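Please look over the sequence and the structure below before reading on. The paragraphs that follow are meant to be read with both in view.

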Amino acid sequence: MSTADLLSIEPLELKFPFELRKQISCGLQLSNKTDNYVAFKVKTTNPKKYCVRPNTGVVLPRSACDVIVTMQAQKEAPPDMQCRDKFLLQSVKVNDGASAKDITAEMFNKEAGHVVEECKLRVVYVPPPQPPSPVREGSEEGSPPRASASDNGHANAAEFAAAAKQFSEGLEAQDKSFEVKLNSVFSVSMLLG
């Protein structure tokens with residue numbers, strides 16, 4: 001978390017679970033701990049690769065703003081899964097009552113004498129989440145097995161499919177049982193009738 005004077009920023013690393021040909025988003029939270037209105041602007045070293053919404057805005061006093069950074073779908077993986085892309089978040093104090101439409105590029109111009117806080121954010125690729133293995137790993141004779149997804153109340157896909165199959169087979173058996181009973185009742189009523 002950045003603890004700059006105007007905005008605190010969480011997280012300082014944008015972590016994208018990298019997958020080919022898939023658009024991926026990551027969130028940032030900007031918190032204004034001051035009693036001032038604070039304007040912000042987000043820049044990147046690779047503007048064609050990322051979409052930032054909102055890329056400019058005003059964070060009201062003692063409030064927060066969520067920013068979504070979306071990486072466009074990539075056709076190839078970078079070497080060693082390393083990313084050199086960076087973001088720069090600039091913030092500046094503005095007049096009370098200012099809104100996003102009041103933001104200008106000039107506000108963030110240090111040469112014009114404006115006090116601009118800057119925070120650099122790194123981009124990190126992380127492997128995408130893997131589904132849990134249906135085979136328990138790491139179990140040794142004499143030691144308790146490791147917890148699986150179902151042990152904590154969450155079923156994985158394989159367990160769900162097995163349960164669904166078992167349930168549908170149970171329903172089929174009930175249907176056949178009902179059909180046999182219905183035929184028996186019908187046959188008895190025909191004999192009596």
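What follows is a walk through the sheet, the salt bridges, the cysteines and the aromatic rings.

The model is a predicted one, in which local features need pLDDT of at least 70 and side-chain atom pairs count only at pLDDT 80 or more, while totals for chains, interfaces and linings use all residues. Residues are numbered from 1 along each chain as its sequence is written, and side-chain values use heavy atoms, with hydrogens and water left out.

Four strands form an open sheet in the order β1-β3-β7-β5, and their pairing is antiparallel. Because β1 (7-10) and β5 (50-53) stand at the edges, each with a single partner strand, one side of each has no neighbour in the sheet. From one strand to the next the twist averages 20 degrees, where axes are lines fitted to C-alpha atoms and angles run from 0 to 180 degrees between N-to-C directions. Strands here are DSSP runs (E, at least two residues), numbered from the N terminus, and two of them pair if DSSP finds at least two bridges between them. In general, strands of a sheet pair through backbone hydrogen bonds, either parallel or antiparallel. Between β5 and β7 (residues 64-71), which run antiparallel, there are four bridges, and Tyr-50 has Met-71 in β7 as its bridge partner.

The charged side chains come next. The structure holds six salt bridges, a salt bridge being a side-chain nitrogen of Lys or Arg within 4 Å of a carboxyl oxygen of Asp or Glu. One of them joins Arg-62 and Asp-35, at 3.0 Å from N to O; this pair links distant parts of the chain, with Arg-62 in the loop between β6 (56-59) and β7 and Asp-35 in the loop between β3 (24-32) and β4 (37-44), 27 residues apart. Both Arg-62 and Asp-35 are exposed, where exposed means over 50% relative accessible area, buried under 20%, and partly exposed in between (1.4 Å probe, protein chains only). Another salt bridge connects Glu-118 with Lys-110, again with 3.0 Å from N to O; Glu-118 is partly exposed at 38%, and Lys-110 is partly exposed at 41%. In the salt bridge of Glu-19 with Lys-22, the closest N and O atoms are 3.5 Å apart.

The cysteines can be treated briefly. The count of disulfides is zero, taking a disulfide as a pair of cysteine sulfur atoms within 2.5 Å. Cys-26 is buried, with a relative accessibility of 9%, whereas Cys-51, at 25%, counts as partly exposed.

The aromatic rings complete the picture. There are three aromatic pairs, where rings of Phe, Tyr and Trp (its six-membered ring) pair if their centres lie within 6.5 Å, and planes under 30 degrees apart count as stacked, over 60 as edge-to-face and the rest as tilted. Phe-18 and Tyr-125 make a tilted pair, 4.8 Å centre to centre and with 50 degrees between the planes. Phe-18 lies in the loop between β2 (13-17) and β3, and Tyr-125 in strand β9 (residues 117-126), so that the pair links distant parts of the chain, 107 residues apart. Both Phe-18 and Tyr-125 are buried. Tyr-50 and Phe-87 form an edge-to-face pair, with 5.0 Å between the centres and 70 degrees between the planes. Since Tyr-50 lies in strand β5 and Phe-87 in strand β8 (residues 86-94), the pair ties together parts that are 37 residues apart in sequence. Tyr-50 is buried at 5% relative accessibility, as is Phe-87 at 2%, and together with Phe-16 these residues form one aromatic cluster.
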